[in-house]
Amino acid sequence: MSSTHSNNSSQSLTHQLLSRAHSPDSTNRIYSDKIQHRPLFLKPTSPPPSNARDSRRRARAETQERAKARNPKPLSARHRRRLGLYDIPKPVQKYAVFEPLNRLWLGYIREVLGNELYTGGQGAAAKLSAADFHGAEVEVSRSSCHGRVGIRGIVVKDSRYALEIITKNNKTKLIPKEGTVFRITVAPIPEQENLAVARTPFTFEIHGDQFQYRSADRATKKFKPHYLKDL
């Protein structure tokens, strides 16, 4: 008796709320379709496991599915390239945009070299081989393709087989490392330019044939001196 009374009161309350926003016919229709005769969809369930072994196997599968949902698989390199995540947008392909990056790189490489910025030697070569060159201003000094000689710009992407640079004409150039020698000049520290003994800029060259590694891989790789027949 009490359940019938509660149902009637809830029905009257629902009608009152619906009648505030709808006409009487719409109120009756919405109540009938959406509330009174609303279907209840039940999720189909699998039959219970026949034994404990099947139960454990199903529990492991459910745990793996939940783990995959929490930790999605990272994108592959091919998928990232297809999405254009490595591409530089057209509006920012300007030399002036990357000039601050070049100044930041100069401070970084001066800190890496330390006193060897002025002395050079094998110690400087070892440090440079593991350094990051994103932001360095490079110039093609020698190349198997004579049309690339003289190209100069800031490195915006250092991949395994090529350097992508942006020139002062706001054009991006993809320079293969194979058969190419890059020249980089590091100016002395500005505070030391007024010393009695003038400091000359530190200039070095990178042989692209021996530099076909990603910057992350070069950081942990040990380069060994050996004969280069192409020199």
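1. Patches here are made of residues with over 30% relative accessible area and no salt bridge, with like charges joined within 9 Å and nonpolar side chains (Val, Leu, Ile, Met, Phe, Trp, Tyr) joined within 5 Å. The model is predicted, so that local features need pLDDT of at least 70 and side-chain atom pairs count only at pLDDT 80 or more, while totals for chains, interfaces and linings use all residues. Residues are numbered from 1 along each chain as its sequence is written, and side-chain values use heavy atoms, with hydrogens and water left out.

2. Leu75, Leu83 and Leu85 make a nonpolar surface patch of about 280 Å², where accessible areas come from the Shrake-Rupley method with a 1.4 Å probe and, for residues, only the protein chains shown count as cover. Leu75 is partly exposed at a relative accessible area of 36% (buried means under 20%, exposed over 50%, partly exposed in between; 1.4 Å probe, protein chains only).

3. The count comes to 10 salt bridges, each being a side-chain nitrogen of Lys or Arg within 4 Å of a carboxyl oxygen of Asp or Glu. Among them, Glu139 pairs with Arg152, their closest N and O atoms being 2.8 Å apart; Glu139 is partly exposed at 22%, as is Arg152 at 39%. Glu137, Glu139 and Arg152 are linked in a network of salt bridges.

4. Asp158 forms a salt bridge with Arg218, the closest N and O atoms being 3.1 Å apart, and this pair links distant parts of the chain, 60 residues apart. Asp158 is buried, with a relative accessible area of 7%, and Arg218 is buried at 0%.

Key: Helix = DSSP H or I, 4+ residues; strand = E, 2+ residues; numbered from the N terminus.
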